[in-house]
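Let's take a guided walk through a protein model. Keep the picture in view as you read, and look for each part when it is named.

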Amino acid sequence: MKDKLGILVGIGIAAFVIVTLAFYIINAGTLEIREIGIIGIALILVASAGYFLWDRMKNIRKGLPAQDERLKLTNYKACSYGFIACIWSAVGAPLAAGIFFDYEMPGNYVTAIVVLCGGLTFMISYLYLAWKGN
Amino acid sequence: MKTRIKELRARYNLTQDDLARKVGVRRETILFMEKGKYNPSLQLAHDVAKALKTTIEELFIFEDS
């Protein structure tokens, strides 16, 4: 029951993100390459989340647990890599923008970069560890 | 670390799905254990050994590093 609830919440969040992105695209008019890149990364994150949910549903249908000790370990490892990526992107992104482009990055851009870098690192390391073993 | 899970599973005519269901883990976990790519917890090792009617010492072959 707990697993099914988790999947339902996940589907709800993914749908909410897609609807928000759709509204953003409709209202933004012409999109810059930078914005397209950010939307692309967000869509990759949603697609990866969709894969996780599908994988869990598949196991529940077979009568197997959605998550077991190996997947929890994978989750912990991917979380720690994502956390490290968040810290380094928070420090590195404004610093790199200042050094290479002489540009003072606004706080909301830094937040977006931290979320996207952390999310992407988590997804990539989770998928890699789940596929390769621990 | 090598394991005899595949051999014993074949002896009892169990699929990876069957064994996974018996011990309450995902099929991929059994697959990675068979390949030696995942070191299970002591609890899981015990459960798998019990499901295959053997002992942990018989099931897992440890190599000195």
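Predicted model: local features only at pLDDT ≥ 70, side-chain atom pairs only at ≥ 80, totals over all residues.

## Getting started

## Helix H3 of chain A

Let's begin with helix H3 of chain A, which covers residues 69-101. H3(A) has 33 residues, and from its first C-alpha to its last it reaches 46 Å, close to the expected 48 Å at 1.5 Å a residue. Where does H3(A) bend? Look for A:Ser89, where the helix bends by about 30°. After H3(A) comes A:Asp102, which has a positive phi near 50°.

A:Ser89 is also one of the buried residues of H3(A), together with A:Arg70, A:Leu71, A:Thr74, A:Ala78 and A:Ala85. What covers the buried residues of H3(A)? The cover includes helix H4 (107-132) of chain A and helix H3 (27-35) of chain B. Here is a handy idea for looking at any such list: an α-helix has 3.6 residues a turn, so residues three or four places apart point the same way.

## Helix H4 of chain A

Next comes H4(A). Its 26 residues should span 38 Å at 1.5 Å a residue, and its end C-alpha atoms are 37 Å apart, which agrees. H4(A) is followed by A:Gly133, with a positive phi near 95°.

The buried residues of H4(A) include A:Ile113, A:Cys117, A:Phe122, A:Met123 and A:Tyr126. Among them are also the glycines A:Gly118 and A:Gly119. Helix H2 (33-61) and H3 of chain A are included in what covers the buried residues of H4(A).

## A residue in helix H1 of chain A

Now find A:Ala15 in helix H1 (residues 2-28) of chain A. Is A:Ala15 buried or exposed? Residues with 12 or fewer neighbours count as exposed, and A:Ala15 has 11 C-beta neighbours inside 10 Å, so it counts as exposed. A:Ala15 and A:Gly50 are 35 residues apart along the chain, while their C-alpha atoms are separated by 9.9 Å.

## Where the chains touch

How many residues does each chain bring to the contact? Chain A brings eleven residues and chain B brings 14 residues. On the side of chain A that touches chain B, helix H3 of chain A gives the most, with three residues. Sorted by class, that side of chain A has three nonpolar, four polar and four charged residues.

## A look at chain B

Chain B has five helices and two strands, arranged along the sequence as β-α-α-α-α-α-β. Its radius of gyration is 11 Å, close to the 11 Å that the globule rule gives for 65 residues, so chain B is as compact as a globular protein of that length. The C-alpha trace of chain B spans about 35 × 20 × 20 Å along its principal axes. Of the 65 residues of chain B, 23% count as buried.

The mean pLDDT of chain B is 91, and 98% of its residues reach 70 or more. Among the elements of chain B, H4(B) has the highest mean pLDDT (95) and strand S1 (residues 2-3) the lowest (88). Within helix H4 (residues 42-51) of chain B you will find B:His46, which counts as partly exposed, with 15 C-beta neighbours inside 10 Å. B:His46 and B:Gln16 are 30 residues apart along the chain, and their C-alpha atoms are separated by 17 Å.

Conventions
Residues numbered from 1 in each chain as written. Chains lettered and ligands numbered in written order. Contact = placed C-beta atoms within 7 Å. Helix = DSSP H or I, 4+ residues; strand = E, 2+ residues; numbered from the N terminus. Nonpolar A, V, L, I, M, F, W, Y, C, P; charged D, E, K, R; others polar. Rg over C-alpha atoms; globule rule 2.2 N^0.38 Å. Buried ≥ 20, exposed ≤ 12 C-beta atoms within 10 Å, placed from the backbone. Expected span 1.5 Å × (residues − 1). Bend = angle between axes of the 7 residues up to and from the residue. pLDDT = per-residue confidence, 0-100.
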